[in-house]
Amino acid sequence: MATSDRADRRPSALRYLESRKNLTGCALGLAGLGLYAVGAAGAYWPVVVAGLYGAGALLAPPERPASPDFPAPGEQVEALRADLGTLEEYLSGVRSRDRLPDEAERLLDDLTALLSALLDPERGAGEALAADGETLHRLTRVIRQDTPESVDAYLRTRWWSRLTPGGQGPDEELGRQLGLLVEEASKVAAELRDAEAWRQRALTRYYEDRAAPNEPGAAGLAGLAGSPGSAGSTDAAGLAGAAGAASPETRKAPDGAGAGPAPEERAP
């Protein structure tokens, strides 16, 4: 995508030289020169070459529009880290010029620390953020829009409140807004933690399934073979059942009569 984006920034003359229309026209123009070389074009070979070039330029397929060059998820995370640094510089400048409420100071410290931990490349959360576009968008909104907007609204409202002494200050509103932002960032951290825990459990199940025997009855056969007296008891039960089925007292008469004791055999 980056290649197509750079190609669009080139001069129009250079883009046309590499276009399909020019390449097709040049190919047919070379064919016209070949006709002139064999004597088939005659004295009007420039017209033939120009006509073939124009025909090739008209018949060539149109150029496809360049694909948009959207940033990759990893690049979005890197840009968000840079934006967090910009936000921290802005907050430092605000604190140096104007004193914020103590509660707002504490909440801002908690918020920036939590955002820094989520975007820290050494903690591995960046890969999870890159794979979850919705979560990345939520953090982007908190860093680029919500936090600076809340602080700026507080400063503007505070300036107006200074012109009207005795009025209620906006400190509580700022503290409430920052508390909600800290809560949202905490939810994002909890969701990422749960996602990583689920991934670890899924890997464990995958390894367990891979280590299991392929045949469905192999586990049962292995269990029978592993117990010391299982084979003997099974053979004994089978022999007992066979003996019971062949017992004279349980055989039925051939004509379907009721079961009963078999007649005693007479001695010859």
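Guide: A residue is called buried when its relative accessible area is under 20%, exposed when it is over 50%, and partly exposed in between (1.4 Å probe, protein chains only). In this protein of 268 residues, buried residues make up 23%. The model is a predicted one, in which local features need pLDDT of at least 70 and side-chain atom pairs count only at pLDDT 80 or more, while totals for chains, interfaces and linings use all residues. Residues are numbered from 1 along each chain as its sequence is written, and side-chain values use heavy atoms, with hydrogens and water left out.

Visitor: How many helices and strands does the secondary structure hold?

Guide: Helices (H or I, at least four residues) and strands (E, at least two) are DSSP runs, numbered from the N terminus. Here there are 11 helices and 0 strands.

Visitor: What is the span of helix 4, and what should it be?

Guide: The expected span is 1.5 Å times one less than the number of residues. Helix 4 (residues 45-59) has 15 residues and should therefore span 21 Å, which agrees with the 21 Å between its end C-alpha atoms.

Visitor: Which residues of helix 4 are buried, and which are exposed?

Guide: Val49, Gly56 and Ala57 are the buried ones. Their directions, taken from the helix axis to the C-beta atoms, fall within an arc of 100°, so these residues line one face of helix 4. Val47, Leu58 and Leu59 are exposed on the other side.

Visitor: Against what do the buried residues of helix 4 pack?

Guide: Contact means heavy atoms within 4.5 Å. The buried residues of helix 4 pack against helix 3.

Visitor: Which residues make the nonpolar surface patch?

Guide: Nonpolar side chains (Val, Leu, Ile, Met, Phe, Trp, Tyr) are joined within 5 Å, like charges within 9 Å. Areas come from the Shrake-Rupley method with a 1.4 Å probe, and for residues only the protein chains shown count as cover. Leu30, Leu33, Tyr36 and Trp45 make a nonpolar patch of about 390 Å². Helix 3 (residues 20-37) supplies the largest share, 3 residues.

Visitor: Why does Tyr36 count as partly exposed?

Guide: Tyr36, in helix 3, counts as partly exposed because its relative accessibility is 41%.

Technical notes: Patch = residues over 30% accessible without salt bridge, like charges linked within 9 Å, V, L, I, M, F, W, Y side chains within 5 Å. Salt bridge = Lys/Arg side-chain N within 4 Å of Asp/Glu carboxyl O.
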